[in-house]
Amino acid sequence: MVRKYGQSPFNTVVVHGGPGALGSVACVARELSEIMGVVEPLQSEYSIGELIEELNKQIKGECDMPVTLIGHSWGAFLSLLYTEHYPAKVKQIVLVGSAPLIDEYVPLITERRLRNLSKEDGELFLNLLAKIDKPDNGNALRQLAELVDKSDNYQLIEIGADKVDSFPVDNVMYARIWEEARAMRSSGELMERVKKVNKPIFIIQGENDPHPLEGVTEPLELAGVPFKYYVLPQCGHSPFKEKLAVKQFYSILRSVIEEKHSHGNL
């Protein structure tokens, strides 16, 4: 299933996070559709390989290729993996709020989140974290999402269309995909595949995002993979919902898509 916004050509694709957070980047598609055609894939598979193939069918069926992939959070990982597998169909990739590409930086996420929470919320967070990989994790995920809203964001704005655009989080997809993704990252397979990506990579990260920017940039640099990055001040994990960063976020996105960016180390 896909949703299309704006007018053809449809060569910009927004890839949702989660895994299982269908509709979470619909607001990005809506905003960009004022000046371009945008496709929002809504994914339904339960393994990384199947998600890559589903995304390929969605892009092949609905898009004018090559496409610009804009992946948020988990969607950043999937965008990299898709590009490694189907390079001819991708023009460039934008990683928004990406998680670390190697394990070394993962503990920093929890450390930074706990700093942003009260002692009571921090204890609850750690307790819930131990439960979310189980298939019956629905209640834990809902509670955890509320805490993450506190820890991962700086100053959120309410987007009215979110209530219509977003689906309930697929808890089973979240548990299965993240288990596989973590194993891929820990084994080094993720970076081995990312090393093969030969398309321009742009990274947008909020300064206050608990996910450390260096967890993305340093592995890419060590692997010799070119990239350009942007850090948004007073901004958390979802720049498209941050009051003080949203204008700059969309300005960067438009400049990248319209090829008005400075090439930097690309």
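Author: Helix H4 (106-115), helix H5 (119-129), helix H6 (138-152), helix H7 (162-165) and helix H8 (171-187) each give at least two residues to the lining of the largest pocket. Helices (H or I, at least four residues) and strands (E, at least two) are DSSP runs, numbered from the N terminus. This is a predicted model, in which local features need pLDDT of at least 70 and side-chain atom pairs count only at pLDDT 80 or more, while totals for chains, interfaces and linings use all residues. Residues are numbered from 1 along each chain as its sequence is written, and side-chain values use heavy atoms, with hydrogens and water left out.

Reader: Which helix supplies the largest share of that lining?

Author: H6 does, with eight residues.

Reader: And how much space lies in the largest pocket?

Author: About 1,700 Å³, and of the 47 residues that line this pocket, Gly-18, Ala-21, Ala-145, Val-148 and Tyr-174 are the closest to its centre. On a 1 Å grid over the protein atoms alone, a pocket is an open set of points where a 1.4 Å probe fits, with protein on both sides within 12 Å along at least five of seven lines, and lining residues have an atom within 4 Å of a point. Grid points are joined across faces, edges and corners, and the volume is the space filled by probe spheres set on the points.

Reader: Switching to H5, which of its residues are buried?

Author: Asp-121, Gly-122, Phe-125 and Leu-128 are buried in H5, where buried means under 20% relative accessible area and exposed over 50%, with partly exposed in between (1.4 Å probe, protein chains only). They cover an arc of only 130° around the axis, which puts them on the same side of H5; the arc is that of the directions from the helix axis to the C-beta atoms. The face turned away from that buried side carries the exposed Lys-119 and Glu-120.

Reader: Last one: where does Ser-98 lie?

Author: Ser-98 lies in the loop between strand S5 (90-96) and H4, and counts as buried at 0% relative accessibility. Not counting residues up to four places away in sequence, Ser-98 touches Ser-73, Ala-76, Phe-77, Gln-205, His-211 and Val-216, contact meaning heavy atoms within 4.5 Å.
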